[in-house]
Every structure is written in C-alpha cells, then in structure tokens.
Amino acid sequence: MTLAEEPADAQRVNLNLNEVREIMHLGVRRAMAFLGSAQRFGEVEPPTSLALSTLADFRALPEPLSIEQAREYQLEFTRWVLGNALGELDRFLHLFLDQVWRVAEIVQHGPVVQAGLPIGNVEGETNSGNKVRRVLERLSPGEPVQRHWSTLANARNALTHQAGRVTPSKANHDGRLRISWERLELTVIDGEGNETVLNDAVEPVMVRGPGGNIHLRTADAHIDFEIGEIISLTPQQMSEICFFYHRFTDRVHGLLIEYCRAKGIPINQPA
C-alpha cells in the first residue's frame, strides 16, 4: 500500500499490512510452541535432579528429589507455562492492535499525508477488552465485540498472581470463574439425529443408522472453575484458544484493508 508523495510537503509511506498481521500470528506460534513443549515434558517421567549447576554451592531443592516431588514440580511447570502462554497471547495482541491503530492514524486523511502528521496511539490502554473495542469501533463502527476477552484476562491474572487458584475477585459468573472463547466445532449427526461434538469426544464416536452428516461450525465454548479451584486447561482447549486469537487477527486484518480502501488508499499486496 502506498500513500501519494504529492504535493511537495507530503511524504511517501509504504505499509505492509501482512507484516502487521504477522505480529499476532507470531504470538500464536510462540504460545503453541511453549505449550507443546510443556505437554511433551509432562508425558515423560520427570527428572529427580533439578540442580542448575553441579558446581553451585546453593541448593534450594533436595538432591535427589523423590519421584512424588518431581511429579509435583512437573505439574507446577505445566501450570506456569499455561499462564505464560496466555500472557504471551495477550502481549502480542496489544502489540498487534497498537500497530493497527497506528496504520489507521496514518491513512485516516486519505492518500496524501502531510509531513509531520501527529500519530495518535492506544498504547496507554492496558485492558485487552477495551483496546479491542476501541480498535474495532475505529475500523468499523458497530462491529460486534466478543465478550471473551475479559474472561481470558481473569484466567491469565489468576495463573500469574494467584498461583492458578480462583479467588472471589475473579468469580465472574454465578460465583465461579468462567473462561470462554470461540472455537471451530466438528460435529457428527447420525442417521437417528443424534449429534456429537467431536472436539469434546473422549471415546470413539458410534454413528447409528444411515445418512449421517459431518458439520463444521463456529460456536462459543467455556469452562467454569469454583472459588479455590486450580485452573487447568486441556491441550485441546488451549489449541482452540490459540485459534480464537488467530481468527480474530485475520478478522481485524480484513477490516483494516477495507478501512484503507475506504480512505482511498490503493492496496497492492497479496492477501
């Protein structure tokens, strides 16, 4: 995308909107890589020695650990990675939205941008839901804002600041913490009309009768935790949450392209 360089006091600016989208896609890849690494670590017998150095005099842990202690640290490590993965998604979401806002600021005046144009920002907005709302309203007034952002923030804060334990301040739904997101659901409807969501299936699905169908749809998903309960999300759930961020990114990217076109900016880059 190119902004005009006329008149003489204007400046020529090239903006790659795919690079803007890549900011969030990178965050999703990092979160999935960290979670996948932790998952593989959790599938094997944990080491009973966690010494940082054989030369170190300071030892905060028994040497060796009992297998029970080692498994407890293994579980705590998985929770620690979960909290940091949600934090990683949130950090890159903010970086992505900050850049989207910057592009909107640059192109709002059309193809000709005066030199020295002041560029506003939303970097001071630290609430994810509020920043999402402001960016969507800027790009497409009236665009619906999903309610999931605050629930994911509550989960991240509990994992980061309360060792994963749900406190009353995080109980956002009928005295419990509800974490929600949007996912793709793969469903099977058999010949007798029985519907099974394959995302949630823990055993092989039996299809009864002829004429069954498979459907792919988007749907809201959620999980509730009682006060005092430790937050734990399955690999499937975290995969769905990562997809939620990825899909939202592509949605905002499409809105940004349309916003630029509406301002008279030529788009000459591949989708």
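**Close-ups of helix packing, rings and loops**

**View 1. W149, F244, Y245 and F248 come together as one aromatic cluster.** Rings of Phe, Tyr and Trp (its six-membered ring) pair here if their centres lie within 6.5 Å. In total, the structure holds six aromatic pairs. A quick word on what you're looking at: this is a predicted model, where local features need pLDDT of at least 70 and side-chain atom pairs count only at pLDDT 80 or more, while totals for chains, interfaces and linings use all residues. Residues are numbered from 1 along each chain as its sequence is written, and side-chain values use heavy atoms, with hydrogens and water left out.

View 2. A pair of aromatic rings is described by the distance of the centres and the angle of the planes.

**View 3. Helix α1 (residues 17-42) packs on helix α5 (residues 235-262).** Their axes sit 9 Å apart at an angle of about 175°, so the two are roughly antiparallel. Axes are lines fitted to C-alpha atoms, for helices over the stretch in contact, and angles run from 0 to 180 degrees between N-to-C directions. Under 35 degrees counts as roughly parallel, over 145 as roughly antiparallel, 65 to 115 as roughly perpendicular and the rest as oblique. Residues in the contact (heavy atoms within 4.5 Å) include M24, V28 and L35 of α1 and C242, Y245 and L256 of α5. The contact residues split into 13 nonpolar, seven polar and two charged. Ala, Val, Leu, Ile, Met, Phe, Trp, Tyr, Cys and Pro count as nonpolar, Asp, Glu, Lys and Arg as charged, and the others, Gly among them, as polar.

**View 4. Helix α2 (residues 67-107) crosses helix α4 (residues 148-161).** The axes come within 9 Å and cross at roughly 135°, which means α2 is oblique to α4. The crossing is left-handed (the near helix is turned anticlockwise from the far one by less than a right angle; clockwise would be right-handed). Among the residues that meet are L82, L86 and L93 in α2 and W149, A155 and L159 in α4. Sorted by type, the contact has six nonpolar, three polar and three charged residues.

**View 5. A cis peptide bond joins E63 and P64.** Omega is about 5°, and P64 lies in the loop between α1 and α2.

View 6. Phi of A163 is near 55°, a positive value in a residue other than glycine. D174 has a positive phi too, near 50°. A163 counts as exposed at 58% relative accessibility, and D174 counts as exposed at 65%.

Key. Helix = DSSP H or I, 4+ residues; strand = E, 2+ residues; numbered from the N terminus. Phe/Tyr/Trp six-rings, centres within 6.5 Å; stacked < 30°, edge-to-face > 60°. Buried < 20%, exposed > 50% of the residue type's maximum accessible area, 1.4 Å probe, protein only.
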